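Open the model in your viewer and have the selection tool ready.

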Amino acid sequence: MVEKPTYSAPTMAELAQKGETPEVLLWIGCAGAFDERYKKVTIAFIKILTVAGVKFGVLGEEESCTGDPARRAGNEFLFQMQAAANIQILNGYGIKKIIAACPHCFNTIKNEYPDFGGSYEVLHHSEFLQELIETGQLKMEDGDSLKNEKITYHDSCYLGRSNQVYDAPRQLIESLQADLVEMERHRQNGFCCGAGGAQMFKEPEKGAKDINVDRTEEALETHAKIIATACPFCMTMMSDGVKNKEQEEEVKVMDIAELIAKSKNL
Amino acid sequence: MIVFQQVSFLIVLVLGAYFFFRRVMRIRNNILMGQNEDRTDQPTKRLRSMLLIAFGQKKMFKKPIPALLHLMVYVGFLVINIEVLEFILDGISGNHRTFAGLLGNVRLTGVYTIALNIFEFLALAVIISCLFFLIRRNIYKVNRFGGLEMTNWPKLDANLILIFEIVLMFAILTMNAADQILQSRDVAGFPTTGFMGFSGFLVMPLFQSMDSGMLIAIERIAWWLHIIGIFAFAIYVTYSKHLHIFLAFPNTYYSNLMPVGKIKNMPEVTKEVNMMMGIPTEETDSPTEIKRLGAKDVRDLSWKNLMDAYTCTECGRCTAECPANQTGKKLSPRKIMMDTRDRVESLGDLFAKQGKEADDGKSLLGDFISKEEIFACTSCNACVEACPVMIDPLSIILQLRRYMSMEESSAPADWNAMFANMETSFSPWKFPPSDRFKWADDLNDQSGQKSPQNP
């Protein structure tokens with residue numbers, strides 16, 4: 001039996017002290033750092049990177065919210081304060097390449113920070129994982145615990161429509177030799193989980209139905225046993241939807257990084 | 001008689017052009033009520049987007065059946081304009097079928113005959129398509145044509161346009177049918193056109209028994225009906241929801257080329273933030289005029305938002321894809337566009353009557369669009385993706401939110417709490433910043449070795 005490696009998340013401050021520069025900075029995001037469920041995704045992702053031998057760093061306590069929900073809720077001042085603070089730190093460490101698991105962080109840093117002097121190569125974790133598989137750094141042949149598992153993928157709006165990342169998450173699911181089943185509304189026509197635009201941080205407006213319940217019903221119609229997500233907010237919304245439908249015993253909501261980690265028994 | 005017709009035609013032409021261009025100038029001024037925004041960069045990319053999306057109808061083909069029907073009407077509109085040109089030349093010169101003479105011997109080359117048959121085919125295709133559209137709207141009742149904002153006028157407007165188009169096309173077929181019989185009877189003034197198949201088979205049989213005087217009257221009435229109808233339609237369109245037939249082209253040309261997830265920056269805020277944080281900024285000589293943050297009324301929006309509003313043809317594809325709308329919330333992206341246009345129009349009228357300083361005490365936010373609507377948006381961009389002519393309702397929603405959050409501080413309480421958390425804890429949730437790296441404690445949980453936070 002192969003011994004499991006010890007995992008660690010070196011901070012940029014420690015690496016700088018040792019005079020080391022990592023290949024990439026992992027942007028953890030508030031959900032990745034604070035949300036009980038999504039912390040597991042952060043850890044799963046770090047395990048994969050460790051196994052693939054990627055040299056990475058994190059900001060640790062120096063990271064703060066990108067400001068995405070503030071900007072989308074109309075508070076431009078607060079957003080730009082957050083952006084300026086984060087960019088000062090990122091530029092201070094001379095960061096070139098950033099990987100974010102949260103599509104909101106990803107979109108904001110990639111598309112909006114350049115306006116304030118923060119220009120980096122930014123990848124979503126699904127794109128980066130796909131790259132690792134393509135270059136052979138991450139081997140998927142050894143794991144087949146999800147082989148033939150019926151999985152449906154819920155497109156995150158900020159990954160899909162906003163940034164045209166549709167293929168990477170799907171290719172990852174296919175690399176598990178799983179059976180990817182699409183919902184009726186997918187890719188460009190994907191239906192929002194209901195959390196974007198700072199909705200995550202408020203009660204929904206009055207209506208006939210909650211958006212996440214509508215989307216979950218669509219996901220359940222595929223009879224997939226796993227609803228794959230690639231966004232912390234989508235994960236929360238879909239998990240709540242599955243609970244609302246009392247399907248939490250039968251159907252799991254998992255991030256694509258968790259699927260890879262599970263398939264590789266990490 | 002000919003001279004009388006020519007004079008009448010010139011009067012109609014000049015009046016039609018006057019009313020049309022007066023409206024065009026009003027709409028232009030209304031659009032320019034909006035704030036400046038540079039959308040002239042990357043002309044090649046813009047041209048390409050216009051050719052693909054407006055000229056090539058690319059985004060329409062997401063729904064193949066309406067796309068095909070619409071394509072018929074669109075091609076009909078484009079091509080039959082050539083015939084309208086002939087009508088105008090005929091009207092001015094007093095000739096009949098000017099192009100027949102210009103294209104050489106009709107029988108020898110056949111070009112004119114082929115062209116007329118193409119026009120007739122398109123006329124018929126337009127009639128059939130418009131009938132299908134009327135059925136989809138009024139009998140089959142396609143969902144997206146309904147909704148709260150589709151009240152009496154928008155409903156009537158849509159049907160009127162379809163009926164207008166059917167009548168115009170019938171006029172062409174009627175005219176050609178009468179013309180062909182008159183030609184066969186060698187009546188003077190009706191030069192040979194060759195056989196025009198669609199009117200020949202469909203309409204001509206109805207007219208065969210009529211005497212030539214009656215047919216001349218029918219031919220003339222149909223001719224006048226068509227050309228006056230075209231002028232009237234052109235003017236009507238400028239008051240209706242149908243302006244996309246012109247504005248789809250500039251609207252796609254000036255559309256957003258950035259990734260749609262990027263929200264438009266507010267440089268005036270950057271300046272203040274930089275000052276507060278001691279970040280040096282480039283000095284600008286021009287004193288910054290004190291502008292309202294975000295948008296309360298249409299004049300705070302950009303001119304492109306206003307062009308979007310005039311371009312909207314109320315097809316409802318946006319609203320049909322909107323997650324908030326589809327789950328029963330008040331928000332409808334189509335209504336955002338219709339409200340914006342209604343407001344610009346009312347303000348334009350007010351300014352025309354009482355001058356640019358006039359104020360009716362109303363505003364887009366509050367009197368037209370409610371807060372509940374804009375609070376419901378998830379910024380998912382489904383509406384933007386759905387629009388076949390690149391309208392961006394989300395941009396308006398976000399500008400209104402900015403006004404609410406920054407000028408009025410009237411964001412929902414939950415959001416104000418989120419703002420406060422972000423200000424004090426640098427996270428939308430209320431966790432102490434010192435806990436931000438605690439997740440790393442669990443990295444080796446499974447293997448049973450808790451790694452220290454700072455090894």
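Start with chain A, where the domain assignment gives domain 1 (12-131) and domain 2 (142-263); such bounds come from an automatic or database domain assignment. This is a predicted model, in which local features need pLDDT of at least 70 and side-chain atom pairs count only at pLDDT 80 or more, while totals for chains, interfaces and linings use all residues. Residues are numbered from 1 along each chain as its sequence is written, chains are lettered from A and ligands numbered from 1 in the order in which they are written, and side-chain values use heavy atoms, with hydrogens and water left out.

Colour the two domains of chain A separately. Their C-alpha centres lie 22 Å apart. The contact (heavy atoms within 4.5 Å) takes 26 residues from domain 1 of chain A and 28 residues from domain 2 of chain A.

The area buried between these domains is about 2100 Å², with 72% given by carbon and sulfur atoms; buried area is the accessible area (1.4 Å probe) that two parts lose on being put together, summed over both. Next, select A:Arg37, A:His104 and A:Gln130, which lose the most area on the domain 1 side, together 24% of what that side buries.

The term stands for a side-chain nitrogen of Lys or Arg within 4 Å of a carboxyl oxygen of Asp or Glu. The count between the two domains of chain A is one salt bridge.

Now move to chain B, divided into domain 1 (32-40 + 293-432) and domain 2 (63-253). Here the C-alpha centres of the domains lie 39 Å apart. In chain B, 21 residues of domain 1 are in contact with 18 residues of domain 2. The two domains of chain B bury about 1700 Å² between them, 54% of it on carbon and sulfur atoms. Select B:Thr313, B:Arg317 and B:Arg334, which supply 28% of the area that domain 1 of chain B buries against domain 2, more than any other three residues.

Which residue forms a salt bridge with B:Arg334? Select B:Glu149; the closest N and O atoms of this pair are 2.9 Å apart. Between the domains of chain B the count is again one salt bridge.
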